[in-house]
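Please consider the two-chain model shown here. The briefing that follows is arranged by topic.

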Amino acid sequence: MSDAEPIVRVVGVHKYFTRGAERVDVLQDLTVDVADGEFLALMGPSGSGKTTLLNLIAGLDTPSAGEVWVGSELISQMSETGLARWRTRSVGFIFQFYHLLPVLSAYENIELPLLLLPLSAADRKKQVMTALELVGLTDRMSHRPGQLSGGQQQRVGIARAIVTDPTLIVADEPTGDLDAKSADEILKLLDELQRGLQKTIIMVTHDPHAAERAQRTLHLEKGNLVEQTARKLERA
Amino acid sequence: MLSLLGTLAKFAVIIVKNVRRNLLRTTFTSLGTMTLVLVVTLVWSVLSFIDDQTSEKANDLKVLITEKNKSPSRLPYAYVSSLKEGAARAPDDVRPVDYMTWVFYGGMLDPTKPSRENFIFLIGGEPEKIPTMMEELDQLGPADRARLDRAVQRMKEQRNACVIGPEQLKTMNKKVGERIKVSGLIFKGIDLEFEIIDTFPDAAKRYAQTSVMNIEYLLAALEEYKVTNKKPHPEGDAPVAFVVLRVKNRAELERLTAQIGDSPLYTAPAVRCESQGSAISSFLEAYKDIFWGMRWLLGPAVLFTLSLVIANAISISVRERRMEIALLKVLGFRPGHVMGLVLGEALLIGTLSGVFSAGGAYLLINKLAGGIPFPIAWFQRFFIPDQALWWGLAVGAGTAFVGCIFPALSARSVRVADVFSKIA
């Protein structure tokens with residue numbers, strides 16, 4: 001971890017699910033700090049709990065025990081509505097399968113989170129255009145997802161994630177559905193966002209090449225943190 | 001405020017785009033909704049008309065004087081002179097503000113060919129009372145009223161003049177200006193020759209199949225029969241079906257009823273005195289099961305089916321889009337927002353379909369088809385009332401709301417972690 005103050009603090013978190021009478025422990029007494037502006041990768045085999053951890057940090061789920069802090073907010077004790085409000089302003093999501101609404105254009109998909117904020121139409125447009133420029137898709141803003149390539153759809157997804165200027169960006173296998181070239185472009189874009197905008201990025205990945213872009217990698221196995229790799233990155 | 005409106009407009013855009021997503025399904029749902037709203041509109045139009053006819057007004061009431069305990073009613077014409085004064089004897093007795101005597105004369109144009117085209121049924125009355133005492137004719141526009149007044153004047157001057165409803169005229173294949181000879185059926189042996197001087201104006205839709213004549217023409221023919229045959233016509237002593245009186249209010253109605261009931265003038269036959277609403281209710285008693293079924297079985301069944309149609313379409317839509325709903329929640333859409341989007345889709349389909357259906361029915365049935373042919377009692381056709389446009393809106397929106405409550409609650413409760421953990 002870098003010397004900066006942690007923006008994310010996961011303290012003694014335990015998460016289990018029940019399947020019928022069976023209890024499945026997904027995360028066990030996990031403690032993790034993520035520094036402000038850090039690019040963190042979460043790796044591990046399927047079922048290791050990395051997506052569950054990401055969901056907890058992003059406020060999509062609540063822990064069975066323990067605390068999750070993001071900045072000064074104890075999000076693990078927020079109500080569903082409180083979490084939804086918090087996510088709008090504080091978290092940007094990037095998904096493996098992009099999850100764009102097929103009936104909306106790229107512009108409208110990016111604008112979606114802004115509809116929940118008290119912004120004028122002009123301010124919304126300004127923020128959407130800024131995000132489109134950052135991902136290099138201004139010329140495709142009227143296209144629907146079905147008219148875009150996988151890489152372009154993921155760029156739209158990234159633009160949607162950053163359009164509200166969130167504290168934290170979480171990415172779940174953002175390159176998992178892309179070819180090598182597109183994956184590299186997306187990772188480069190994330191890298192630029194982290195460096196240029198000082199965004200804190202937490203990325204779940206199976207791909208060691210993708211993880212190499214991160215400043216630190218946490219390895220999870222059966223809900224436990226088993227290894228931590230920090231690296232000094234050569235920035236292009 | 002502007003930003004809120006702008007955001008709501010964006011939500012509306014999302015709703016419209018979602019509705020357009022599966023055009024085939026939306027079209028079928030809309031068509032189903034429109035058909036069912038049409039059925040409800042037709043049923044309620046009939047019931048609304050019947051309710052209007054049988055409702056008891058507080059002011060400007062019409063009173064029907066009929067033969068007591070006998071159907072069809074037959075009253076001597078001699079009763080009319082005192083009945084039109086409300087059987088008033090003392091100076092402070094109530095007197096009606098208007099009256100009209102009704103006789104019914106029906107017959108065949110060609111007695112050797114009994115057919116619908118050959119049959120005519122006329123209401124006989126005092127011509128000058130037609131514009132004020134026959135329902136809705138006092139609501140005609142100035143041009144139509146002037147035309148009716150001219151016809152009335154002519155009927156007063158020329159006893160064999162008659163006015164025939166435009167549809168009846170068409171059925172008989174006759175034209176204004178032609179003369180017709182009618183062989184009496186109700187009054188057998190009383191054959192009358194009429195001159196068709198005009199039709200009822202198109203605006204008087206309920207009279208499209210109604211014809212009117214001067215009562216004096218029939219009375220004179222009955223008198224002539226008596227002279228010629230040296231005996232009265234079997235129906236000649238009591239040719240009047242009923243007398244209609246108009247009173248100012250309910251209090252006067254009650255006093256008038258008491259005056260007529262207490263009068264010694266009406267003993268053989270005795271008379272019955274009741275408000276028009278009550279009289280129509282009594283007459284429609286035979287149809288009460290049909291109306292009950294329409295009101296409490298058919299109407300609710302259609303509304304329930306309509307809710308199911310919308311519930312089915314929205315349920316499928318929500319089930320197909322669980323991932324998208326979860327995504328919206330990830331982005332910060334609250335359960336209320338998600339519910340609003342789902343409700344919005346159902347309301348958009350339901351409301352538009354309802355308004356189009358009721359509006360289309362109003363235009364097609366009232367303006368083009370000339371009413372719904374649904375002969376019950378003496379009502380031949382029913383029309384879609386103006387308020388049906390609101391029924392369409394209310395039925396479409398109401399059933400859409402009820403139908404999509406469960407799908408909307410289901411969408412509202414989609415758990416993000418459940419949906420995304422299945423994918424990861």
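Into which domains is chain B divided? Chain B comprises domain 1 (11–53 + 287–423) and domain 2 (70–269), with bounds taken from an automatic or database domain assignment. The model is predicted: local features need pLDDT of at least 70, side-chain atom pairs count only at pLDDT 80 or more, and totals for chains, interfaces and linings use all residues. Residues are numbered from 1 along each chain as its sequence is written, while chains are lettered from A and ligands numbered from 1 in the order in which they are written.

**Domains and chain contact**

- The centres of domain 1 of chain B and domain 2 of chain B, taken over C-alpha atoms, are separated by 47 Å.
- Contact is found between 23 residues of chain B and 23 residues of chain A; two residues are in contact if their C-beta atoms, placed from the backbone, lie within 7 Å.
- On the side of chain B that touches chain A, the elements giving two or more residues are α1 (2–21), α11 (322–330) and α14 (416–423) of chain B. Helices here are DSSP runs of H or I with at least four residues, strands are runs of E with at least two, and both are numbered from the N terminus.
- α1(B) supplies the largest share of that side, nine residues.

**Helix α4 of chain A**

- Helix α4 (residues 121–135) of chain A contains 15 residues and reaches 21 Å from its first C-alpha to its last, close to the expected 21 Å at 1.5 Å a residue. The expected span is 1.5 Å times one less than the number of residues.
- The buried residues of α4(A) are R124(A), Q127(A), V128(A), A131(A), L132(A) and V135(A). A residue is buried if 20 or more other C-beta atoms lie within 10 Å of its own, exposed if 12 or fewer, and partly exposed in between, with C-beta atoms placed from the backbone.
- Viewed down the axis of α4(A), these buried residues fall within an arc of 135 degrees, so they line one face of the helix. The arc is that of the directions from the helix axis to the C-beta atoms.
- An α-helix has 3.6 residues a turn, so residues three or four places apart point the same way.
- A122(A), K126(A) and E133(A) are exposed on the other side of α4(A).
- The cover over the buried residues of α4(A) includes α3 (106–111), α5 (150–162) and α6 (180–197) of chain A.
- G136(A) follows α4(A) and has a positive phi, near 70 degrees.

**Open sheet of chain A**

- Six strands of chain A form an open sheet in the order β6-β7-β8-β3-β9-β10, with mixed pairing. Two strands pair if DSSP finds at least two bridges between them.
- β6 (91–94) and β10 (224–230) of chain A stand at the edges, each with a single partner strand, so one side of each has no neighbour in the sheet.
- Neighbouring strands of this sheet are turned by 20 degrees against each other on average, direction ignored. Axes are lines fitted to C-alpha atoms, for helices over the stretch in contact, and angles run from 0 to 180 degrees between N-to-C directions.
- Strand β9 (residues 216–221) of chain A pairs with β10(A) in the antiparallel sense over six bridges; R216(A) has A230(A) in β10(A) as its bridge partner.
- Helix α1 (residues 50–57) of chain A packs on the sheet and touches β3 (39–43), β7 (168–172), β8 (200–204) and β9 of chain A. The direction of this helix makes about 150 degrees with that of β8(A).

**Strands of chain B**

- In strand β1 (residues 59–67) of chain B, seven of the nine residues are buried.
- β1(B) runs antiparallel to strand β8 (residues 242–249) of chain B, joined by six bridges, and pairs in the antiparallel sense with strand β9 (residues 271–275) of chain B over five bridges.
- I65(B) has V243(B) as its bridge partner in β8(B) and stands opposite C273(B) in β9(B).
- Strand β3 (residues 119–125) of chain B has five of its seven residues buried.
- β3(B) pairs with strand β2 (residues 98–108) of chain B in the antiparallel sense over six bridges, and is joined by four bridges to strand β7 (residues 211–214) of chain B, which runs parallel.
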